[in-house]
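My notes are below the structure.

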Amino acid sequence: RCENLVEVCFQLQKQVMAVNTELGPELLPRLLERLNDVLSSLVKSSFLVEKQPPQVLKTQTKFQASVRFLLGPQLLKAAPKPYVVRADMVTEKQARELELSNYSNTLSESTGEILHNTVALETNPTSGICCANFKNVLLKKIKRCERKGSESVTEEKCAVLFSTNITLTHSNVSIHLQVLSLPIVVIVHGNQDNNAKATVLWDNAFSDIERVPFVVADRVPWDKMCDTLNLKFMAEVQTTKGLLKEHYFFLAQKIFNDHSASPEDFQSRQVSWAQFNKEILPGRGFTFWQWFDGVLDLTKRCLRNYWSDRLIMGFISKQYVCKLLNMEPDGTFLLRFSDSEIGGVTIAYVIRGKDGSGQVENIQPFSAKDLSIRSLGDRIRDLGQLRNLYPNIPKDQAFGSHYNKEQTGKD
């Protein structure tokens, strides 16, 4: 435990001072300096961010955060008054310089103006926890850095630096405590939220624990991307039903723009940040992530229960739908996420002519707004041409539990 190690350091200091005459004028200061370095390092490492600020942070919006000093109850109980923790916004360059100096340097200039950014570091008498709770912090404005090439503001990473100065009453040693938050992308408008989330997701998923702030790989193995998309989908939608192998195959075809490769071929490939959220998908006006995030939002808001019941095939191409439905009976249908629109789900169904020929039709995609007016289950009930969910489940059996009881008037 940290407390025990600190106590050991204090006892060693006392023992060294007790035999100072025997150590000599050269050895004594060296031993004391070494003990102070060890103690300082231990104390600094116990200053942690307990509640992280939002990783996508909009200016003029209040947020909360907290830092905890694990050794505070032991070291600060004799302090005459509470110490104050300060929160400052720092650039990636400043964060890197602090890291490389092992947090021995102090911040010269904040990169943004934060209101209500000083809070007392206090020990709760009930829990015995020493922390500083920032409850109404507000980032008023941000100074942007010079960007490289095509880099956008939503690719720029910052962080909140929490800092304070304390004095150890046992040894009268002053220590400057500093700790960085996770990387943050600052936005000034809601329409930047989607791209900012992409930057945060990539950084959280593919950065090394021990790294220079905030370095992250530009290319990652496709199988790691699959794991990330799956975890993100389940967490956002709040479902235990994740993505399947066939879903990954469709997503690989989409992000690599390759419809000739096999699922095995994609396993050895690497996907780049540009393919994820910089390059526009062929024939579309949006990136892969913008499309995928639209699916997340739609499923979370309107389709969670349908997805959890495996009633939505979802990630499947229009061409493959035709292949599946072409030989099925009249009225067989399935549900897929729209390729052409962000945040849309469409119903594909087969119509058979008198001569037995089949034709696959796709209904105009339903958006979250459409489904908030009338649910997907009720829309499927309304459409008489839909009979069996692929491969062969009567629609009332598949979707009956999702129908709403119709409110009919007395007339």
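The entries cover the helix pair, then the loop residue.

**Entry 1: the helix pair.** I noted at the outset that this is a predicted model. I looked up helix H6, residues 222-237, and helix H10, residues 288-308, and found their axes 9 Å apart at an angle of about 45°. Angles under 35 degrees would count as roughly parallel and 65 to 115 as roughly perpendicular, so I put H6 and H10 down as oblique to each other. I recorded the crossing of H6 and H10 as right-handed.

I then listed the residues that make the contact. From H6 they are Leu 229, Lys 232, Phe 233, Glu 236 and Val 237. From H10 they are Phe 288, Trp 289, Phe 292, Val 295, Leu 296, Thr 299, Lys 300, Arg 304 and Trp 307. Sorted by type, the residues of this H6 and H10 contact come to nine nonpolar, one polar and four charged.

**Entry 2: Thr 154.** I found Thr 154 in the loop that runs between strand E7 (130-142) and strand E8 (158-168).

Leaving out residues up to four places away in sequence, I have Thr 154 touching Val 185, Ile 187, Gln 192, Asn 195, Ala 196 and Thr 199. I also checked Val 188: from Thr 154 it is 34 residues away in sequence, with the C-alpha atoms 10.0 Å apart in space. Last, I noted a polar contact of 2.9 Å between the side chains of Thr 154 and Ser 152.

How values were computed. Residues numbered from 1 in each chain as written. Predicted model: local features only at pLDDT ≥ 70, side-chain atom pairs only at ≥ 80, totals over all residues. Heavy atoms only, no water. Axes fitted to C-alpha atoms, helices over the stretch in contact; angles between N-to-C directions. Helix = DSSP H or I, 4+ residues; strand = E, 2+ residues; numbered from the N terminus. Parallel < 35°, antiparallel > 145°, perpendicular 65-115°, else oblique. Left-handed = near helix turned anticlockwise from the far one by under 90°. Contact = heavy atoms within 4.5 Å. Nonpolar A, V, L, I, M, F, W, Y, C, P; charged D, E, K, R; others polar. Polar contact = N/O pair within 3.5 Å; in protein donor to acceptor, adjacent residues only side chain to side chain.
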